[in-house]
Amino acid sequence: MTEPIDEARLHAFVGKMLGDLGGALAVPTVRIGLRLGLFDALAQGPATAPELAARAGGLHERYVREWAMAQAANGYVDYDAAAGTFSLSPEQAMVFVVKDSPVYLAGAFELAAAMIEAEAKVEHCFRTGEGVRWGDHAGCLFCATGAFFRPGYVNNIVQNWIPALEGMEDRLRSGAKVADVGCGVGFSTLLMAEAYPQSRFTGYDFHEPSIAQARRHAAEHGLGDRVDFQVATAKDIAERGFDLVTMYDCLHDMGDPRGCAAHMREILGDGGSWMIVEPIAGDSPQDNLNPVGRLYYNASTMICVPTSLDQEVGEGLGAQAGEARLAGIVREGGFAHVRRATEGPFNMVLEAR
Ligand SMILES: C[S@@+](CC[C@H](N)C(=O)[O-])C[C@H]1O[C@@H](n2cnc3c(N)ncnc32)[C@H](O)[C@@H]1O
């Protein structure tokens, strides 16, 4: 016998779905607005649709008007019906315009698009159990990932995460040797290098186009003399004697995190520390059934698990592995002490010694 429909529950659920679908359908219009500078143009002050179209460099008014109404309906811009103008509140600007704000979300929209682009590849893997190579997911998953994580790094690495490690800030100030493993396009490496000019940094990643982009970023920032970027898998790093190894949002993506942990132990010098930044998660799956866990589980299905299953061992930890499981893996790699040094709304920071 089927359970009878509870009208109130159905109503509430469809209401929730309407909100979710609205968010999903906003992905392309938001991305167009970001690329064409429409949010930036609106940040200069209220504008009618023709004014906005002109301000954004002469776009077609009819498209801009529909776009602006869509963003007003999204709640992403404000609309003054009497004046016929659109505007951006300071809070909306934090999300769509201010690139160094901790809640700048352009990268999240890029990530959503990359996930949709890779849909057929991941669906195929559900049938075969294979993985998807990091560089094969979508046109530029690595750019989207860099953009997604950058606001969190700009606002936390130097201000909160490194100071939470035992004695590390002083060592970096006086001159330390650092490896940033799984560095992607290198934002984390460059932020550290900018903050600690006495120290030397090497970013490692197995994805060549990411390393090429990281090198370009280093040159643009004039940091080429104290930052080096190398193509290498985490387990193949030959250099030794690091004072600090950092891994930002990538240990769970690796095929063999246990083997990687053992290798990190090898490449650290005496008294060195390994900082592991991972998505925040509770140890029980039910702890993660919340808005942040929702983002991570979806991204993990489409990106993190396929990336890990593509590699040797294929551990497939997923983005919501939780501290207990991660710490167990780190201990198996030969680290006597693992602790949660700090955390934020999106990340936990583990310190292994
Ligand atoms: C989610 S991205 C994070 C990138 C960067 N740390 C950031 O936060 O923007 C994961 C990164 O891990 C790298 N990666 C995955 N498995 C790896 C491995 N076995 N060795 C080296 N890099 C690896 C990928 O190429 C990718 O750049």
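A pocket here is an open set of points on a 1 Å grid over the protein atoms alone, where a 1.4 Å probe fits and protein lies on both sides within 12 Å along at least five of seven lines; lining residues have an atom within 4 Å of a point. A volume is the space filled by probe spheres set on the points, which are joined across faces, edges and corners.

You're looking at a predicted model, where local features need pLDDT of at least 70, side-chain atom pairs count only at pLDDT 80 or more, and totals for linings use all residues. Numbering runs from 1 along each chain as its sequence is written, and side-chain values use heavy atoms, with hydrogens and water left out.

Start with the largest pocket, about 1,400 Å³ of space. Select Ala108, Phe109, Ala112, Phe148 and Leu295, the closest to its centre among 41 lining residues. Then colour H8 (141-161), which gives the largest share of that lining, nine residues.

Next stop: the second largest pocket, with a volume of about 830 Å³. Pick Trp134, Asp205, Phe206, Cys250 and Asp253, which lie nearest its centre.

Now for the cysteines. Show Cys140 and Cys143: their sulfur atoms sit 1.6 Å apart and form a disulfide (a pair of cysteine sulfur atoms within 2.5 Å). The S-S torsion is about 45°, so this disulfide is right-handed.

Finally, jump to Cys183, which is buried at 7% relative accessibility (buried means under 20% relative accessible area, with a 1.4 Å probe and protein chains only). Its closest cysteine sulfur, in Cys250, is 8.6 Å away, too far for a bond.

Note on methods: Buried means under 20% relative accessible area, exposed over 50%, partly exposed in between (1.4 Å probe, protein chains only). Helices (H or I, at least four residues) and strands (E, at least two) are DSSP runs, numbered from the N terminus.
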